[in-house]
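Here's a quick briefing on a protein model, written for someone just starting out.

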Amino acid sequence: MTNPLTFPSNFAFGAATAAFQIEGAAKEDGRRPSIWDHMCTEPGRILDGSDGSVACDHYHRMPADVDLMASLNLDTYRFSTSWARVCPDGGPLNTAGADFYSRLVDHLLEKNIRPWLTLYHWDLPQALEEKGGWTNRDTAYRFADYASTLAEVLGDRVPIWTTLNEPWCSSFLSYAAGEHAPGLQDPSAAVDAVHHLLLAHGLGIQALRDYDSNLTLGITTNHTVAHPADPDNPRDVDAARRIDGAFNRIFLDPIFKGEYPADVLEDMSSAGLGEVCRAGDLEIISSPIDVLGINFYNGGAFTTLAEDEPIPQPTNAAGLALSTPFVGSERVVGVDRHLPHTHMGWEVDAKDLRILLNRLQRDYTGPAGIPMVITENGAAYDDKPDQEGFVDDTDTRATYIRDHLKAVHAALEDGVDIRGYLVWSLLDNFEWAWGYTRRFGIVRVDYETLTRTPKASALWYAQVARTHQLVPLEDT
Ligand code: FCB
């Protein structure tokens, strides 16, 4: 028997959630609609026609949920605050809404769980969307106001702040692909959103730094590893370059290097990437950060179709035709690598995570001298509960998590500075356009009774978090 892999004692194990996906209480204590409340009212947008009005009812069950986290030995908990609750309609502080997060933070601290706050996990106040949302430069300034407002309330107790979660989703998936709120299919709007989101990030960092220079500040970006389908075929190499540009470099180059990559500006010139960038913006966007949060689910292999090859029409959760990923060429498509898939249809290959972490340190975080934390990683599987509501996901979700933790460990041994791993997600929850049909939780939520039941993956993960060792799955 070989000894289980051991993680450093200060490596944090945690879990992540997002406000709209778990809280419910959509109309309580002064909360006003966000773009996702609005999206859910539009027929055909959400696969099961559901919404976030109850979700996991975390708003009312928060103390018990924190106790659950403690029972799973979590070191840290990453949650997001609902802008529409804290500053309804994007306006001034709503004390009743902010109080919820104040109580949450107090409970976490009581249980010795470090709170990690994300300011924006996609739920823009609908009132701001009606003024153009992320296509409107003013939204970035409203975001900085929201950041300062919340810092006044929680800055004394929350040590780690993330500005944005996955700006790729809030721009391309939301304004070009139409799958996420506000559901537009307009490439020009998407590239304007990219810039304004980055500007919001930079202004947010500055606002939080002004509040307290000791806070640990960062952003969470989602990444893929883009392989050419055939590394000897120049068209495939170009396809991989475009995907890498559109997912990875378009966000990290401005943040770490203060510039948009020249090839991506060229790829997206017809949509006008960078046209809304004003003098001084890139200095704001590249304000120093202290940690980079990485969300990773899958990599992929890409090709460029020849002129006479038909473009496949992927469909989103709601069955709508999607434009091919917006990379400046509709002929760039993913190819099947014949790997196992999760219930999302996403490929499983943990090796890509090790490749990604090495590359990000080499090109971005290493030169900046900052660490990374995996702020999301996990998998949806079609869980079958037994009569007690217990899910044995040993061979599915727990194996996925174990394999990705092995990849993180390998990257640590490669010399990559990674300080933690947060599983997505603590609870089954509202999976955006997929509604409640996709379950990512290590804890099952019965949506009829709202009962929480830890799955096999949670019981195993609790041991990993307690021992900092990758204990064998069969020992649980
Ligand atoms: C990420 C999101 C998170 C969840 C997972 C599955 O892109 O940040 O809210 O939807 O995917």
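Let's start with a pair of helices in this predicted model. Helix α14 (residues 394-414) and helix α15 (residues 456-467) have axes that come within 8 Å and cross at roughly 30 degrees. That makes α14 roughly parallel to α15 (angles under 35 degrees count as roughly parallel, over 145 as roughly antiparallel, 65 to 115 as roughly perpendicular and the rest as oblique).

**Reading the numbers**
- Residues are numbered from 1 along each chain as its sequence is written. Local features need pLDDT of at least 70 and side-chain atom pairs count only at pLDDT 80 or more, while totals for chains, interfaces and linings use all residues; side-chain values use heavy atoms, with hydrogens and water left out.
- Helices (H or I, at least four residues) and strands (E, at least two) are DSSP runs, numbered from the N terminus.
- Two packed helices are described by the angle between their axes and the distance between the axes. The axes are lines fitted to C-alpha atoms, for helices over the stretch in contact, and angles run from 0 to 180 degrees between N-to-C directions.

**More on α14 and α15**
- On the α14 side, the contact (heavy atoms within 4.5 Å) uses Thr394, Arg397, Ala398, Ile401, Arg402 and Leu405, and α15 brings Ala456, Ser457, Trp460, Tyr461 and Val464.
- Sorted by class, the residues of this α14 and α15 contact are seven nonpolar, two polar and two charged (Ala, Val, Leu, Ile, Met, Phe, Trp, Tyr, Cys and Pro count as nonpolar, Asp, Glu, Lys and Arg as charged, and the others, Gly among them, as polar).

**Two other helix pairs**
- Helix α10 (residues 234-257) and helix α13 (residues 351-368) have axes that come within 10 Å and cross at roughly 10 degrees, and α10 passes α13 in a left-handed crossing.
- Residues in the contact of α10 with α13 include Asp244, Arg249 and Lys257 of α10 and Arg359 and Asp363 of α13. The class count there is five nonpolar, two polar and six charged residues.
- Helix α3 (residues 58-71) packs against helix α5 (residues 95-110) at an angle of about 15 degrees, with their axes 9 Å apart, and the crossing is right-handed.
- Among the residues making the contact of α3 with α5 are Met62, Val66 and Met69 of α3 and Phe100, Leu104 and Leu108 of α5. This contact has nine nonpolar, two polar and one charged residues.

- Most residues other than glycine have a negative phi, and most peptide bonds are trans.
- Ala181 and Pro182 are joined by a cis peptide bond, with omega about 10 degrees; Pro182 sits in the loop between α8 (167-176) and α9 (187-211).
- Trp424 and Ser425 are also joined by a cis peptide bond, with omega about 15 degrees.
- Asp29 has a positive phi, near 50 degrees, and is in the loop between α1 (19-22) and α2 (35-40).

**The chain as a whole**
- The protein chain has 15 helices and 13 strands.
- Its C-alpha atoms fill a box of roughly 55 × 55 × 45 Å, taken along the principal axes.
- The protein chain averages a pLDDT of 95, and 97% of the residues score at least 70 (pLDDT is the predictor's confidence in each residue, from 0 to 100).
- Over residues 320-325, pLDDT stays under 50.

Definitions and conventions
Left-handed = near helix turned anticlockwise from the far one by under 90°.
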